[in-house]
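Reader: I have a new structure open and would like to go through a few spots in it. Can we start with a loop?

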Amino acid sequence: MRKFFQEIKADLKFKTAGPGQKLSEPSRAPKEKPKAELAPKPRQAPTDEAQKAAAAALARLELKPKGKAPSASQEAIKNQVRKELMAEAAASEKGLSMEEEEQEEEGAAAPSVSGVYFICPLTGDIVRKDQKEKHLREAIQAYFSVDPVAASIMEIHTFNKDRERVRVCVETMAKYLDNIYLHPEEEKYRKIKLQNKVFQERISCLEGTHKFFQAVGFEAKTLPPHTPHPSLGLAETTEEYYVLREEMLSRLEELRDCKEQLLSSEPVRAQLHRQLTLFQPSAAAARFELPHDFFNLTAEELRREQRLRTEAVEKAAMLRTRAMREKEEQREMRKYNYTLLRVRFPDGYILQGTFYARESVSELYNFVRGALRDDWLPFELLGPGGLKLTDENLAFNECGLVPSALLSLAWDAAVMADVEAAAEEQQQRSPLRPELLARVQTLS
């Protein structure tokens with residue numbers, strides 16, 4: 001920058017005079033000389049913006065009155081050039097910063113998994129978490145064309161969330177069917193009054209119950225009431241009933257089977273898809289990028305909670321007992337529904353799967369065994385810090401393995417020595433299943 005100003009100053013000597021001097025013809029002579037004679041020594045050219053700024057400053061000098069102090073004019077030129085160059089530098093720096101941000105966004109790590117997925121037990125389809133309930137309902141509705149009794153029982157147990165109300169409901173419905181099975185000759189047991197208080201409070205208000213009665217052989221009928229005594233002076237009205245069809249009296253065993261099925265059924269639950277993935281050995285194994293599906297809270301709420309927790313820890317870490325800290329940590333772990341776990345094998349391969357945060361460690365051991373060529377090989381799993389996961393009944397959130405964790409697998413040394421000795425003459429092979437190795441991925 002200093003060299004640039006010196007060159008500008010040298011150019012200005014042909015246009016200005018010293019204090020108290022007049023401009024003479026010889027002093028103007030250099031202005032008319034060929035530009036080649038005035039050209040400075042070869043140097044790195046300034047930027048286009050800087051050249052424009054200098055040219056503009058020189059042009060303004062030509063228009064200024066001759067009587068003005070030349071030192072002030074030179075200072076003005078320098079200040080203007082300085083402003084222009086500083087503006088250019090700021091613009092360049094801003095542009096560079098924007099480019100870096102764009103590069104960071106483009107190079108941001110992709111999520112380790114795209115979300116949480118489930119397997120529909122009726123169709124076998126894999127659906128995302130936010131589509132699970134909708135897909136399950138559609139699958140049960142479609143099942144009515146296959147087995148209406150089973151489909152209606154699925155609705156009762158699956159879509160009514162209050163488990164106690166469901167229990168009372170199915171027990172009451174079973175009682176109706178029992179009375180018919182035990183007393184088929186009694187007409188009163190083959191009719192169910194829909195306005196009955198027990199029926200209204202325990203059965204009618206739950207989803208799927210009316211479909212069940214229709215599926216097992218009841219039909220809706222409007223019947224007159226029992227003829228009242230003339231002295232009561234009551235007006236006759238009609239009432240709604242479910243009445244068992246006559247042909248069902250010859251199929252009472254089917255009715256009993258329906259009752260047993262109603263009592264023994266469980267809610268239809270989509271199975272969590274493990275999303276089993278095998279990765280090549282990678283130094284990025286401990287880096288997890290989790291989608292929002294893994295959290296109960298939104299991303300913004302989680303950031304706020306993390307900030308508040310950090311501040312609280314800094315202020316009160318010395319005032320809490322160990323038991324208090326562990327209790328608080330357990331409370332924090334309960335915020336997570338799912339966890340993404342990776343198991344690194346001794347040869348560097350990484351096995352990844354999705355689990356419920358409240359599943360037990362035994363599920364992880366079974367998951368790893370299912371990926372082995374020989375599932376009988378004994379091994380241990382080591383959590384962060386090398387802690388052995390010996391109690392397989394503990395849940396992942398009780399072990400601090402949520403919402404993600406990298407574990408290590410260690411083979412039983414004695415058994416592996418025997419295995420290697422027996423396979424000395426054979427080609428060395430990975431303990432993982434060949435079909436997994438065939439679709440191994442690279443961890444980004």
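Author: P403 sits in the loop between β10 (379-382) and β11 (404-411). Strands here are DSSP runs of E, at least two residues, numbered from the N terminus.

Reader: What kind of peptide bond joins V402 and P403?

Author: A cis one, with omega at about -5 degrees.

Reader: And what are these values based on?

Author: This is a predicted model, where local features need pLDDT of at least 70, side-chain atom pairs count only at pLDDT 80 or more, and totals for chains, interfaces and linings use all residues. Residues are numbered from 1 along each chain as its sequence is written, and side-chain values use heavy atoms, with hydrogens and water left out.

Reader: Next, where is Q275?

Author: In the loop between β6 (271-272) and β7 (277-279).

Reader: Is Q275 buried or exposed?

Author: Q275 counts as buried because its relative accessibility is 14%; buried means under 20% relative accessible area, exposed over 50%, partly exposed in between, with a 1.4 Å probe and protein chains only.

Reader: Switching to sheets: in what order do β3, β4 and β5 come?

Author: The open sheet has three strands in the order β3-β5-β4, with antiparallel pairing. Two strands pair if DSSP finds at least two bridges between them.

Reader: Which strands stand at the edges?

Author: β3 (191-193) and β4 (218-223); each has a single partner strand, so one side of each lacks a neighbour in the sheet.

Reader: How many bridges join β4 to β5?

Author: Six, with β5 covering residues 239-244. A220 has Y242 in β5 as its bridge partner.

Terms used:
Helix = DSSP H or I, 4+ residues; strand = E, 2+ residues; numbered from the N terminus.
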